[in-house]
Amino acid sequence: MDPPAEVRAWCQAARRPCVLSGAGMSAESGVPTFRDTPRSLWARFDPATLATPEAYERDPALVWAWYQWRTHLVRRAQPNEGHVALARWARSRPELRIVTQNVDDLHERAGSPEVIHLHGSLFAARCVACGRPPSQPLASLGDDGPPPLRLPPPTCAACGGLLRPGVVWFGEALPPGPWQAALDAVTRCDLLLVVGTSGLVHPAASLPAQALARGVPVVEINPQPTPLSPLASRVWRTTAAVGLPQLLPD
Ligand code: NAD
Ligand code: ZN
């Protein structure tokens, strides 16, 4: 399927493009999404038991093990052609901004500078008590055997508090710096590509409406319909790794 000609022309002409990416961006790298398929993380686990501050208080070892397993999956994954095409586009568009809801590092590993992480990172553990990062690199899971169901979190060398994953959990506020950077990016952009997000998690899901309100074209790239689809300027039903390399100029 060819990319819509008009969308290609918008991508050629854009000087300050912005990309909002979600879990679908990394699906073809083998990182499971949250909602859309039976393989998705939330189809097999209940988010209420794993991705909330209450869940961590109740059972830190269960939550820590689950995040260690996700970190392990991401470490083994490689950026896909979609991540690579965005990084290439950024070289000719220094003002391109990538705003991601992903907690992986695949945009960075593909070479994209300026990645704004709205929901934190799997690689930014911190102490629940004093907020410090670990003093030494954390051990990672091995490749053999099934992932452990429980793993006590390491403790902080400075204060003895437990370490927690550096991600934003349900019910937590977004980190103010990245949220402001995302608002700035959406306020300045001349084209917004929305790639691989179900558009259900707020406030990230409110960003496309802000671009639309300014009359900026918003293009959805997603194999499935989302709540954004009827509002977007154009929709291309394709995947990140197939669509982006065809769409973006070198
Ligand atoms: P989601 O799981 O709710 O939705 C994924 C979306 O991607 C769906 O609309 C689906 O149709 C689409 N999709 C699936 N495969 C695709 C592909 N190959 N190309 C393009 N689109 C594809 O994900 P979301 O909207 O990002 O949900 C938000 C939450 O998910 C965030 O909090 C984020 O932290 C978390 N999450 C992150 C990762 C990651 O870091 N890789 C993985 C899973 C979940
Ligand atoms: Zn501490």
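**Close-up views of a predicted model**

**View 1. The zinc ion (ligand 2) and its protein donors.** Donors are N, O and S atoms within 2.8 Å of the metal (3.2 Å for Na, K and Ca); water is not among the atoms, so sites may look incomplete. This is a predicted model: local features need pLDDT of at least 70, side-chain atom pairs count only at pLDDT 80 or more, and totals for chains, interfaces and linings use all residues. Residues are numbered from 1 along each chain as its sequence is written, chains are lettered from A and ligands numbered from 1 in the order written, and side-chain values use heavy atoms, without hydrogens and water. The zinc site is tetrahedral, its 4 donor atoms making angles of 97 to 119 degrees (four donors count as tetrahedral if all angles lie between 85 and 135 degrees). Along the sequence, the donor residues follow the spacing C-x2-C-x25-C-x2-C.

View 2. A polar contact here is a pair of N or O atoms within 3.5 Å. For V103, a backbone N or O atom is 2.7 Å from a ligand 1 oxygen. H119 uses its side chain: an N or O atom there lies 2.7 Å from an oxygen of ligand 1. The protein covers 94% of the 850 Å² of accessible area that ligand 1 has on its own (Shrake-Rupley method, 1.4 Å probe).

View 3. The structure holds 0 disulfides (a disulfide is a pair of cysteine sulfur atoms within 2.5 Å). For C11, the nearest cysteine sulfur is that of C189, 12 Å away. C11 is buried, at 0% relative accessibility (buried means under 20% relative accessible area, with a 1.4 Å probe and protein chains only). The C18 sulfur is 5.1 Å from that of C189, its closest, so the two are too far apart for a bond. C18 is buried too, at 1%.

Notes:
Polar contact = N/O pair within 3.5 Å; in protein donor to acceptor, adjacent residues only side chain to side chain. Buried < 20%, exposed > 50% of the residue type's maximum accessible area, 1.4 Å probe, protein only. Tetrahedral: all angles 85-135°; square planar, octahedral: opposite > 155°, others 65-115°.
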